[in-house]
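I open this notebook to record what I looked up in the model.

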Amino acid sequence: MLAWRVRRPSTAPYPGFEARDEPTPRPERGELLIRVRVCGVCRTDLHVVEGDLPPHRPGVIPGHEVVGEVVDIAEGANGFAPGDLVGVAWLRGTCGRCRYCRRGAENLCPLSTYTGWDADGGYARFVTAPAAYTHRLPSGYPDTELAPLLCAGIIGYRALKRAELPDSGRLGIYGFGASAHLAAQVALARGATVHVLTRSARARELALKLGASSAGGATDPPPEPLDAAILFAPVGTLVPPALAALDRGGTLAVAGIHLTDIPVLGYQRHLFQERQLRSVTANTRADAREFLAIAAEHRLTVVTTPYPLDRADRALADLAADRVDGAAVLVP
């Protein structure tokens, strides 16, 4: 099969990111073998390829927004049949025994593992995945639109929960890529007023088309105080203006796995009056089920830019340069 491996971290044009032919993997106990139909391109993949995230598996195949068809089932893999359409997401495994897993916070499990970081992911024609962490998918979406739901959608939903947006509240979204444009639609479906702050003129255009009340530059103040905000851009210098934009008691959730350094905060301006700054760490399987149920109930607009699998390096370069509308997806 064709597969892309991170031989060494590198930046565009990614000389350390290589495609080659290699044997199709075999599923181990409890795993499914899945033929990849589409794999989304996530900013986390970019962090893996460029080395912002330390390598967990040398030479790993990135990709954790996989839509595919079950073609083989190993012993102990229950609940699926050959031919089933399934999704593979970021969270690949947890211990199930630690205090975090027992209290329903498996995303904080110290032994958690991740698709495309700890194990080979979907930038390939086939991928293996534990059946217990593989997802059923909502109907009514083409494969290319399903793929971004599996990370961009799930993480955006987790960030929205962490932001504690009140009913009919005012939400600020900083950065407006794959995850943000889905989280915005969930918030709008719940009656929120959404203000988008992003450096991309095309993204501002998309935000207004999807129903945002305003769309300004990344560091611009929103037109009204915010009850909650989500920072999707991996830019630490946006934390102070986002906190300053919050109303009393507001919460800023930082959605990314990687963030550049945050400047010094002023207590009175940025945190006083019970403003909160919260991180988002992966997601639970319950988050995934909840979000995919929302996607089944509300037909979300999923904006994608397709690339052939053999141009994965180009897709990452375009993502890094903000040349992608919505979510990039790889189609073998």
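Entry 1. I began with Ala228 in this predicted model; Ala228 stands opposite Thr251 in strand E14. I then looked up the strands concerned: E13 covers residues 226–231 and E14 covers residues 246–254, and the two pair in the parallel sense over five bridges.

Entry 2. The open sheet has six strands, ordered E12-E11-E10-E13-E14-E15, with parallel pairing. Strands E12 (214–216) and E15 (276–279) stand at the edges with a single partner strand each, so one side of each has no neighbour in the sheet. From one strand to the next, the twist averages 20°.

Entry 3. I turned to Thr44, which lies in helix H1, residues 43–50. Is Thr44 buried or exposed? I count Thr44 as buried, because its relative accessibility is 11% and the cut-off for buried is under 20%. Leaving out residues up to four places away in sequence, I found that Thr44 touches Leu53, His64, Trp90 and Ile257.

Entry 4. Of the 332 residues, 57% count as buried. Among contacts with a separation of 6 or more, 70% come from residues 24 or more positions apart. The chain exposes about 14100 Å², and carbon and sulfur atoms supply 48% of that area.

How values were computed:
Residues numbered from 1 in each chain as written. Predicted model: local features only at pLDDT ≥ 70, side-chain atom pairs only at ≥ 80, totals over all residues. Heavy atoms only, no water. Pairing = 2+ DSSP bridges. Helix = DSSP H or I, 4+ residues; strand = E, 2+ residues; numbered from the N terminus. Axes fitted to C-alpha atoms, helices over the stretch in contact; angles between N-to-C directions. Buried < 20%, exposed > 50% of the residue type's maximum accessible area, 1.4 Å probe, protein only. Contact = heavy atoms within 4.5 Å. Areas by Shrake-Rupley, 256 points an atom, 1.4 Å probe, with all protein chains shown as cover.
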